[in-house]
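Me: Hi! Could you walk me through a few features of this one?

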Amino acid sequence: MTWANAFWQRVVNLSELFLDGRIGYLPEEIAISLVLLVVSLLAELLIEYERVVISYLIVIGYMLFLIIYNDIELPLEIVLFASFGLLHRFLLVHKKNKQSYLIVGMMLAIFLLITWGVPSDLIETRMLAPSATFRNYLNEKGFYQFIEETGAGNLTRSGFSEDDETLGGPLLDDNQVVFEAQQQSPHYWRIDSKTYYSGSGWESPAPGNTQIDSYSGEEVDLVDTDYQAEFAEEEEINFNREVMDSYLPLPYGNKQINLEEPTAELFVNQETQRVDFQNSEQSRSFQLGWQDFNYTLEELADVSLTTPETSVDYLQLPDQLPQRVIDLAEELTAEEETLIGKVTAIEDYLKGSESFRYSKIDAGFPTENQDYVDHFLFESQVGYCDNFSSAMVVMLRAVGIPARWAKGFSTGEEVEENQFVVRNSDAHSWAEVYFEGYGWLPFEATPTFSQPLQQTTTSSEITESSSSESTTTQETSDATTEESSNTSEESRTTSTSTAEAPTNDSSFSISPVVKNFLSVIVFVIACAFAYMLWRWYFYLYIFFLVKASQANIFKVYPILLKRSEKFVSRAPEQPLSHYAQIFEANYSEFQQSFVHLTSVYEQALYGGKQEGQQSFEQLLLDVAWHLSQAKKKRKT
């Protein structure tokens, strides 16, 4: 009763969140209740109608679905369930053949022991890794969005959002183009930052804590006064907006905006560094003169911990933040003495730990009154950029390091040389940390993404040659392209390295999507073949006895008779000819073949009259074929 009460309270809480629109998918506990109902119906199908194979296949198919889409470990359970299904089917088919029970039991036991010895990780890797690419491909192509639009759910779509007060849950890719940029180097596009963490999401600073400045004219200079180090060489970016929102995505560093419309006016929030047009319909196209930051890890290693002089509290955390989040942050940074060491320790833990998995469509949602970061770090451990970046900011603040949550877009897709397209699916969030003399610098905690400083802090993301070089804020995405093409659903980074010399390698290669598609086809064909074998196994068995073993009618007919008794029962004293007539009355599709075969069998058995082998072979096969296709009729 204690368990039942706790389960019921959880279902009620989740139902309230679901009805309030805070959850865009069917909660797990509610889904379990529905599954139990389905299993009850399957039990009725199994017991009342004795449809063993279809009942077990439905449940096994659902278990496979859980393995692929929810990362639940069920390989052993599937094997056990399939084995019991085979045993159940055997018991129904061979009720009177007691001698075969021991043999079948021993074979199943040996099979289970072999299966028990197979590493479950090997099974999961072979099932999850190919399916992740295929599912990511479906997400990028808008398949899940189509499901949502046709009424399958109300999942959140990717894109820049003004409302981040409630985070969590699955996220669908929206491939609408937001803007295009012609540039030499790829980089992140920053829009806004949030500072107040409520336990469920992020909010902007109070209006009284921010200063809004207005800029107008053909040239607008946006200088980062907090940054006192060197800048990279100036580059020119041609920017074209496809979605006319008020916000203006910009790279880090100093910017000079050259507007084609002199009347255009820009508003700049000096605290969050967000830039907005006064009129969102103005300036579809403009040019940027850009100077990126240019600093190294060695330089940041000499910066001590300081707090920015502002009325905004960048160490704010909710009073109800679970203690284990703070304990984890302190544990990760305990052996680090420098500010940059503490920052990268938390960053590397989130980005490189095998405990966490990146996924948009598998991300969970915390329950009522549960902290968003705590749920991600210790329970679900599955999520996308919002989960990883929020966790990094919260843990940095937990150890006294000023940090804030930044958002915008990743690099986008390079469709032509130096021509980048940024879509809603490229929306991204990351952490920013304050370094005196450098201002707010970006850090990337999300796996498969590459941000400034990432090349030297996470060796798994880079090539061996680039890991030894000092890193500037110029993002290089060539080191992460291969990995992100397989696992990232949020970024389309493309290589900016020079083209390699052509090689003589003419080996044939197949894209992962095609490989998975071919695998699905092979799997379907294998299932169809297995089904045909199961459907026709009785006929094939008789065919083998008649054709290969040259078995006579005295050996084959009793097998056919035992099979027929599964459809129409026969009393022990009932004559065979009488039973054959009753059987044919119920199954007219035999067209008197069973009656004829029975007559031949009785003449051979009692009269010693036996026709040649050729005369009854076809008759035996005809009856065997009809018996393999026959279905048990319900009693009325």
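Reply: Happy to. Trp-536, Leu-540 and Trp-625 make a nonpolar surface patch of about 270 Å². Such a patch joins nonpolar side chains (Val, Leu, Ile, Met, Phe, Trp, Tyr) within 5 Å, from residues with over 30% relative accessible area and no salt bridge. This is a predicted model: local features need pLDDT of at least 70, side-chain atom pairs count only at pLDDT 80 or more, and totals for chains, interfaces and linings use all residues. Residues are numbered from 1 along each chain as its sequence is written, and side-chain values use heavy atoms, leaving out hydrogens and water.

Me: Where is Leu-540 found?

Reply: Leu-540 sits in helix α16, residues 512-548.

Me: And is Leu-540 buried, exposed or partly exposed?

Reply: Leu-540 has a relative accessible area of 40%, so it counts as partly exposed (buried is under 20%, exposed over 50%, partly exposed in between, with a 1.4 Å probe).

Me: New topic: how many cavities of 30 Å³ or more are there?

Reply: The count comes to 2. A cavity is a set of points on a 1 Å grid where a 1.4 Å probe fits but cannot get out, and lining residues have an atom within 4 Å of a point.

Me: What lines the second largest cavity?

Reply: Its lining includes Val-178, Phe-179, Phe-239 and Arg-241. Strands β3 (177-182) and β9 (235-241) each supply at least two lining residues. The space in that second largest cavity is about 50 Å³.

Me: Last one: is Tyr-56 buried or exposed?

Reply: Tyr-56 is buried, with a relative accessible area of 14%. Tyr-56 belongs to helix α3, residues 52-70.

Technical notes: 1 Å grid on protein atoms, 1.4 Å probe; cavity = no way out; pocket = protein on both sides within 12 Å on 5 of 7 lines; lining within 4 Å. Points joined across faces, edges and corners; volume = space filled by probe spheres on them. Helix = DSSP H or I, 4+ residues; strand = E, 2+ residues; numbered from the N terminus. Patch = residues over 30% accessible without salt bridge, like charges linked within 9 Å, V, L, I, M, F, W, Y side chains within 5 Å. Areas by Shrake-Rupley, 256 points an atom, 1.4 Å probe, with all protein chains shown as cover. Salt bridge = Lys/Arg side-chain N within 4 Å of Asp/Glu carboxyl O.
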